[in-house]
Amino acid sequence: MATKEKPKVGFIGLGIMGAPMSMNLLNAGFELVVWNRTASKMEPLLEAGAEAAGSPADAAARSEVVVSIVGDSPDVEQVALGENGVVDGIQAGGVYVDMSTISPAVTRRVAERLSAKGALMLDAPVSGGDIGAQAGTLSIMVGGPSEAFQKCLPLFEAMGKNIVHAGEENGLGQYVKLCNQTACVLNLLAMCESISLGAKAGLDLEKMLAAITKGAAGSWMLTNVAPKVLDGDWEPGFMIDLQQKDLRLVLEAAAELNLPLPGTALVNQLFRSVQAADMGKKGTQALIHALERLGHFKAAREE
Ligand code: NAP
């Protein structure tokens, strides 16, 4: 039974992130009605007790809070505002929570359209990847009215751990996520450049990392991702093609604010060179390949 603490939830988008996130909601006792463009992906949720919706509008009409996590800005516009979209089904007083990473400007446009129907919106992008989605330990960055945030907090607590309400305006959650991506890629470049210098100077790179990881240079990237570079492990934790989508959003948002972000623009171009070498599906640690080509060295241990 839906309660004040556990409103009935509509869930749109059962991809790498959405499937485990919606399963965590079910496991936490939320009543769920799900919709996915490719219907077969709904099966595991239906078997676990969710109901099936026929469209995003249907999912919205049958729930008090409707969540989406799809792809890019046009995908959110489609499920929210397109034919049989959320806006067509949502009830006055309902809440739409978009957890995709998209443009803050598009987020605000969608929120305005929902507001005309008497519904509220939250933008609530996440970080933590598929592992965080499965474990229910995502970081969730939320923009939008407090009233909606309070209503949705029990949902967020079932999907994540570090939940921050950035402020009352829509788009603020998306900006926080874009700040996160900016800091991540510059940490990644710092890690790759220090490995480049060490490799070119002929250092024992493991000793170099052991020496610098615990000091002022220490970072999540050095601790968790640098060892993958030395191992020549290019499997994606986070894929370059997806990171490039996020950097496009960062650079577009910065352009709208008339803000130069020279470091981020540089990483965006270096990643493009890795994509041009057909490695867009590799993990972001493959950024080292761009530096290896520029500097004529190899960072990974020889097999
Ligand atoms: P994904 O595995 O590709 O799943 C995307 C989902 O959205 C699928 O269910 C897909 O439906 C649906 N979808 C896409 N475009 C649609 C459209 N126009 N209309 C209807 N449904 C549509 O992607 P993901 O990795 O779960 O990522 C989802 C979002 O989370 C993205 O915004 C991404 O940036 C963000 N994110 C991802 C990660 C990560 O590590 N993967 C981490 C943080 C944030 P189909 O099944 O029909 O294709």
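Visitor: How far does a backbone N or O atom of I16 lie from an oxygen atom of the ligand?

Guide: This is a predicted model, in which local features need pLDDT of at least 70, side-chain atom pairs count only at pLDDT 80 or more, and totals for chains, interfaces and linings use all residues. Residues are numbered from 1 along each chain as its sequence is written, and side-chain values use heavy atoms, with hydrogens and water left out. The distance from the I16 backbone atom to the ligand oxygen is 2.9 Å.

Visitor: What share of the ligand does the protein bury?

Guide: A polar side-chain atom of K41 lies 2.6 Å from a ligand oxygen, and one of Q78 lies 3.1 Å from a ligand nitrogen. Taken alone, the ligand exposes 900 Å² (accessible area, Shrake-Rupley method, 1.4 Å probe). Of that area, the protein buries 86%.

Visitor: Which element gives the most residues to the shell around the ligand?

Guide: The shell has 24 residues (each with a heavy atom within 4 Å of the ligand). Helices here are DSSP runs of H or I with at least four residues, strands are runs of E with at least two, and both are numbered from the N terminus. Two or more shell residues come from each of α4 (73–81) and α7 (129–135). The most, 3 residues, come from α4.

Visitor: How many residues apart in sequence are the parts that E31 and K8 tie together?

Guide: E31 and K8 form a salt bridge (a Lys or Arg side-chain nitrogen within 4 Å of an Asp or Glu carboxyl oxygen), with closest N and O atoms 4.0 Å apart. E31 sits in the loop between α1 (18–27) and β2 (32–35) and K8 in the segment before β1 (9–12), so the pair joins parts separated in sequence by 23 residues.

Visitor: How far apart are the end C-alpha atoms of helix α9?

Guide: Helix α9 covers residues 172–200, which is 29 residues. The expected span is 1.5 Å times one less than the number of residues, so α9 should span 42 Å. The model agrees, because the end C-alpha atoms are apart by 42 Å.

Note on methods:
Polar contact = N/O pair within 3.5 Å; in protein donor to acceptor, adjacent residues only side chain to side chain.
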